[in-house]
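Have a look at it first.

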Amino acid sequence: MTLVDDDVNVREAMGALLESVGIESFAFASARDMLNATLPDRPGCFLLDVRMPGLSGLDLQQHLASKGMNMPVVFLTGHGDIAMSVEAMKAGALDFLTKPVRDQTLLDAVLKAIAIDVDRREAAAETRLHSGHFRTLTSRERQVLKLVVGGAMNKQIAFQLGISEVTVKLHRSSMMRKMQASSVPQLLNAWQAIPDSLRAADN
């Protein structure tokens with residue numbers, strides 16, 4: 001996880017706490033230092049102070065969001081107020097903690113944030129995988145796919161598309177193979193992972 005706080009004592013204390021439970025952290029004294037660094041691409045979260053020289057924690061949160069960096073954000077500050085916490089949460093922050101904070105409270109927030117990032121990354125990987133498969137389908141196979149996940153039987157698909165049931169079976173078999181689905185439930189799961197914009201491409 002990534003910690004940004006201009007207080008060296010906070011950075012050292014937080015780093016030691018996180019290390020004690022096996023969480024590797026990267027600490028920075030300013031938002032600019034963090035933005036200039038190369039961080040590993042793996043599950044984590046941002047633990048940000050609110051008031052810092054240069055970019056504030058809230059400014060950094062907005063900057064990260066604008067760059068598509070959607071790792072969860074947890075704020076830890078000694079200068080927070082209700083207005084700040086509302087602004088941070090509206091912008092997507094997972095938690096807003098005030099110093100001094102109990103070690104367990106902080107660890108719970110960080111572990112929750114990391115778990116959310118793990119889930120997001122898995123969902124994104126599923127989307128990329130199934131979207132890639134979907135792009136290999138012919139226009140007719142996409143039509144058959146949409147009807148299959150809508151619950152239509154082969155005879156109904158044949159009627160709606162104006163083709164023979166034998167032809168439907170051929171298209172369906174090819175579509176299932178390309179989508180790497182061995183059953184309709186698997187196909188439905190793949191379909192639900194595909195973005196709406198891609199699903200509607202042939203509409």
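Q: How are helix H3 and helix H4 oriented relative to each other, roughly parallel or roughly perpendicular?
A: Keep in mind that this is a predicted model. The axes of H3 (residues 57-66) and H4 (residues 82-90) come within 10 Å and cross at roughly 10 degrees. Angles under 35 degrees count as roughly parallel, so H3 and H4 are roughly parallel.

Q: Which residues of H4 make the contact with H3?
A: On the H3 side, the contact uses Leu-58, Gln-61 and Gln-62. By class, the residues of this contact split into three nonpolar, two polar and one charged. The H4 partners are Met-84, Glu-87 and Ala-88.

Q: What is the handedness of the crossing of H1 and H5?
A: Helix H1 (residues 8-20) packs on helix H5 (residues 103-135) at about 70 degrees, with the axes 11 Å apart. That angle therefore makes the two roughly perpendicular. As for handedness, the crossing is right-handed.

Q: How many charged residues does the contact of H1 with H5 have?
A: Here Met-14, Leu-17 and Leu-18 of H1 meet Asp-103, Leu-106, Leu-107 and Val-110 of H5. The class tally is six nonpolar and no polar residues, and the charged count is one.

Note on methods: Residues are numbered from 1 along each chain as its sequence is written. This is a predicted model: local features need pLDDT of at least 70, side-chain atom pairs count only at pLDDT 80 or more; totals for chains, interfaces and linings use all residues. Side-chain values use heavy atoms; hydrogens and water are left out. Axes are lines fitted to C-alpha atoms, for helices over the stretch in contact, and angles run from 0 to 180 degrees between N-to-C directions. Helices (H or I, at least four residues) and strands (E, at least two) are DSSP runs, numbered from the N terminus. Angles under 35 degrees count as roughly parallel, over 145 as roughly antiparallel, 65 to 115 as roughly perpendicular and the rest as oblique. Contact means heavy atoms within 4.5 Å. Ala, Val, Leu, Ile, Met, Phe, Trp, Tyr, Cys and Pro count as nonpolar, Asp, Glu, Lys and Arg as charged, and the others, Gly among them, as polar. A crossing is left-handed if the near helix is turned anticlockwise from the far one by less than a right angle, and right-handed if clockwise.
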